[in-house]
Structure formats: structure tokens, C-alpha cells
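Here is a short report for a first look at this protein. Keep the sequence and the 3D view at hand while you read.

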Amino acid sequence: MNRPFEFRAWDLREKKWIQSATPGLLIDICLDIPKLVVLMQFTGLLDKNGKKIWEGDIVRAEHSNYYDESEDEPEYFPWIGEIKYSKCGYVINTNLEYIPYSSNIRILTLEAIGTIHDKEE
């Protein structure tokens with residue numbers, strides 16, 4: 001995958017986004033004060049409205065479940081969860097008993113509906 005590495009940062013003390021045009025500056029800020037700033041990376045994905053999806057975003061994902069191969073029509077229903085990096089890729093943490101990253105699941109639409117920091121603003 002060829003995509004730009006982009007970052008955003010949340011200031012835990014000021015409860016606001018740190019604006020910077022240069023990723024290097026954001027990384028330097030996070031290294032200097034790691035307990036006061038949360039650094040989040042762009043996933044390389046856009047939602048159905050063309051909005052960038054970042055770590056820490058809350059998304060609504062409509063998906064189909066292909067566990068039962070005998071089904072004529074797959075079951076469609078949404079997940080709402082936080083985008084997180086886990087092991088080897090980005091996942092949707094739905095706070096269910098598992099984190100959905102199975103090959104049996106196909107995401108149909110993805111929509112960013114907020115961030116984990118929205119309630120803090």
C-alpha cells in the first residue's frame with residue numbers, strides 16, 4: 001500500500017486538537033510530553049463521504065457476515081466502534097467479545113461519526 005503517513009494529535013490537558021502542517025513537529029511534541037498528548041495515525045482509508053479515517057475515530061460500519069455459506073443473502077447490520085491498531089492492522093473495536101478482523105466479514109460502508117475525544121471538547 002502506498003499512502004502518505006499523516007498524524008494528528010490530541011492535547012489531553014487543553015482538550016483540543018494540536019494543529020500542525022508537519023508530521024515531524026507533531027511527533028516531536030508527543031515525544032517531549034508523551035503523557036499529555038495522544039498521537040493518532042491516518043489509516044489510509046476514506047469513509048463513504050470522503051472523510052479521512054484516523055486511529056481514535058468512531059465509525060459506523062455496515063458489513064455482511066459470511067459465516068453461513070448456505071445463505072442466499074448475507075445478513076447486513078452495522079457495527080459502531082473505535083478504530084484501533086491491533087497486531088498487524090486497523091480494526092474496529094466494538095467492545096464485543098472479539099475485535100472483528102475476520103476474513104469472513106466484508107465491510108460494505110464505513111462512516112466516521114466522531115472521535116473518542118469528542119465528549120472532552
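## Val59 and the cores

This is a predicted model. Leaving aside residues up to four places away in sequence, Val59 touches Ile53, Trp79, Ile80, Gly81, Ile83, Ile92, Leu110, Glu111, Ala112 and Ile113.

Val59 also belongs to the largest nonpolar core. Six residues form that core: Ile53, Val59, Ala61, Ile83, Ile92 and Leu110. A second core is separate and has five residues, among them Ala9, Ile18, Leu26 and Cys30.

## Overall fold

The protein chain holds one helix and eight strands. Along the sequence, their order is β-β-α-β-β-β-β-β-β.

Residues 24 or more positions apart account for 56% of them.

## A loop residue: Lys15

Where is Lys15 found? It sits in the loop between strand E1 (7–11) and strand E2 (16–18).

The phi of Lys15 is near 60°. That is a positive value in a residue other than glycine. Most residues other than glycine have a negative phi.

Is Lys15 buried, partly exposed or exposed? Lys15 counts as partly exposed because its relative accessibility is 37%, and partly exposed lies between the cut-offs of under 20% for buried and over 50% for exposed.

Key: Residues are numbered from 1 along each chain as its sequence is written. This is a predicted model: local features need pLDDT of at least 70, side-chain atom pairs count only at pLDDT 80 or more; totals for chains, interfaces and linings use all residues. Side-chain values use heavy atoms; hydrogens and water are left out. Helices (H or I, at least four residues) and strands (E, at least two) are DSSP runs, numbered from the N terminus. Buried means under 20% relative accessible area, exposed over 50%, partly exposed in between (1.4 Å probe, protein chains only). Contact means heavy atoms within 4.5 Å. A nonpolar core is a set of buried Ala, Val, Leu, Ile, Met, Phe, Trp, Tyr and Cys residues joined through side-chain atoms within 4.5 Å.
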